[in-house]
Amino acid sequence: MCGIVGFAFRQPFSAKEILTALKRLEYRGYDSFGYADNSGACIKRVGEIAVDAAPGSFSRTAIVHTRWATHGGITETNAHPHADCTGGIAIVHNGIISNYRELRGDMEAAGHVFRSQTDSETIAHFFEGKDVKKAMPEFFSRFQGEFAVLLIRKGDEKIYAFKRGSPLVLGIAQDGNMVASDIYAFSNKTNRAIFFNEDEFAEITWEGWKFYSIGEGAAPVEKEITPFSWKEGEELGEYPHYMIKEIKEIPQAAGRLLLSLQAEQKPAVEKIVQMMKNAGRVIFVASGSSYHAALIGVQFLARAGMEARAIVASEFRSFMILDESTLAIAVSQSGETMDVIEAMRGIKAKGVKIASLVNVPYSTVQRMSNAHLNIAAGQEICVAATKTFVNQVIAMAYMASMVGYKADFASLDGCIAKAFSQEERIKEIAAELKDRKDIYILGRGISYPVAREIALKLKEISYVHAEGMMAGELKHGTLALIEDGTPVICLMPKNDKDIVSSAEEVKARGARVIAFNGNGIEEGVKIGGADAVAFCIASTIAGQLLTYYIAREKGLPIDKPRNLAKSVTVK
Ligand code: AGP
């Protein structure tokens, strides 16, 4: 994953300033961070970015990196920047060099001495003693995989920036230029950007930039400046964690989305619905929580009589059946998930149209799509998707309603409020469940993806092994695991008799049943929600609150859970 930033400014800036910009990319990884400037100064630290890590460093050209470890453990040596043998070149890299073993073998045989276990260090050694610009075509032909790289040389006031696969964007400021993994790094300093295309490189100084395209024989290319606007994420305020702040923002975010779908996003939603009708069949492609939202979307569309499937992005190739009667819809909060982007590349290659639902504007997924909707949830900082998942579900329901699905959007507010009214009860349940090792969540039909979503939240944020499953499947195996006191959350939409039987079955075997709605069973949490959309959303909120309070009981790092990152930019 990783985030990278480079600054080239007319006036010297402090390490603190560029590390503050990097801090804005910490959602891309927080295993370690590092700084290098063109005086040769370099610092590396394990852990979250400490903006005061290099108090005395000022320069006019510097690069920084925040890491999500892929190759090599979480150590200072493996932290970026990496240098060549002479220390004259420093690089930061986001991506994975897939043929690095072979490259490293060749380089070691030629006498290069490696310090780290990373794939990235090969990049610094490759350019050692070379004219960087002239060596660029050879680099692009020898290095495989994905990369966005920033390279500086000692004593030189220039940043070389180059990319294949991983995102990279230039920000144009008044007295200098910035380059980063995404616009968020510098969206408080400028509203003008140039997005790198595949296999492009640029020479960047404080005075200007030059872009070149490898595909066109490394010839210079003209680039368009894109003006952008970005609403800054609000501060944490009175909340102890972003997760609870973002859960509490759900009513506001949901209302904002519904309004925008009826107003400024009306033409976009109509365009996508027309694309769906023209195609006749929809395939959603997504990962993690976005995949669960897509599974719910499939059911909304099925109820409207439209054929739809949801496929996990990383497995897309194994299931790919694409023709002109298919519309692919990519669903991604960040718009930067590499599994989704890879799947989209395959879809595009087959000439199939792609629409997308994204939260982060100007993201790669959005820019790759033929049409897009913004789910308008606002910035989400906690690694867990909460308000963005809810808005994805609302956007799905809204699109389905335009092809005949009957959703009662008017009941949404009341249901959301009802879920929040259960917060104290949920806290009590969290205290009771905090030491449990396994939790099962049962759903049926439209509540099955919600069960999986709640299980994912419990795993990533509360570190509890959780299984979200189809209630009907229980008796085909998993029931053997139910013993005295096993916690089983049953998602019980009103009028669903079958889920009541499943709850009775586990209860009969000693399970501690926590019913979201009672339907005759002792009620754990009152969700309400006669409407399917409302029930999905209300039970999701209850599950999110439960997850949050279990994690709090356990004293876990809620917003930045171990081993994860918000934006998963590697395959
Ligand atoms: C959700 O809580 C997760 N952190 C994760 O599963 C996430 O939904 C997944 O990585 C997909 O991200 P995207 O929506 O940005 O593509």
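Predicted model: local features only at pLDDT ≥ 70, side-chain atom pairs only at ≥ 80, totals over all residues.
I looked up Leu-442 first: its bridge partner in strand E22 (residues 465-470) is Met-469. On the E23 side (residues 487-491), Leu-442 stands opposite Cys-490. I took strands (E, at least two residues) and helices (H or I, at least four) as DSSP runs, numbered from the N terminus.

Residues are numbered from 1 along each chain as its sequence is written, and side-chain values use heavy atoms, with hydrogens and water left out.

Next I checked the pairing, which takes at least two DSSP bridges between two strands. E21 (residues 438-443) pairs with E22 in the parallel sense over 6 bridges. E21 also pairs with E23, again parallel, over 3 bridges.

How many residues of E21 are buried? I found 5 of its 6, with buried meaning under 20% relative accessible area (1.4 Å probe, protein chains only).

Then I followed the chain: E21, helix H15 (residues 447-462) and E22 make a right-handed β-α-β unit. Right-handed means that, with the strands pointing away from me, the path from the first strand over the helix to the second runs clockwise.

Last, I turned to the lining of the largest cavity, which divides into 3 nonpolar, 7 polar and 2 charged residues. Here Ala, Val, Leu, Ile, Met, Phe, Trp, Tyr, Cys and Pro count as nonpolar, Asp, Glu, Lys and Arg as charged, and the others, Gly among them, as polar.

Note on methods. Buried < 20%, exposed > 50% of the residue type's maximum accessible area, 1.4 Å probe, protein only.
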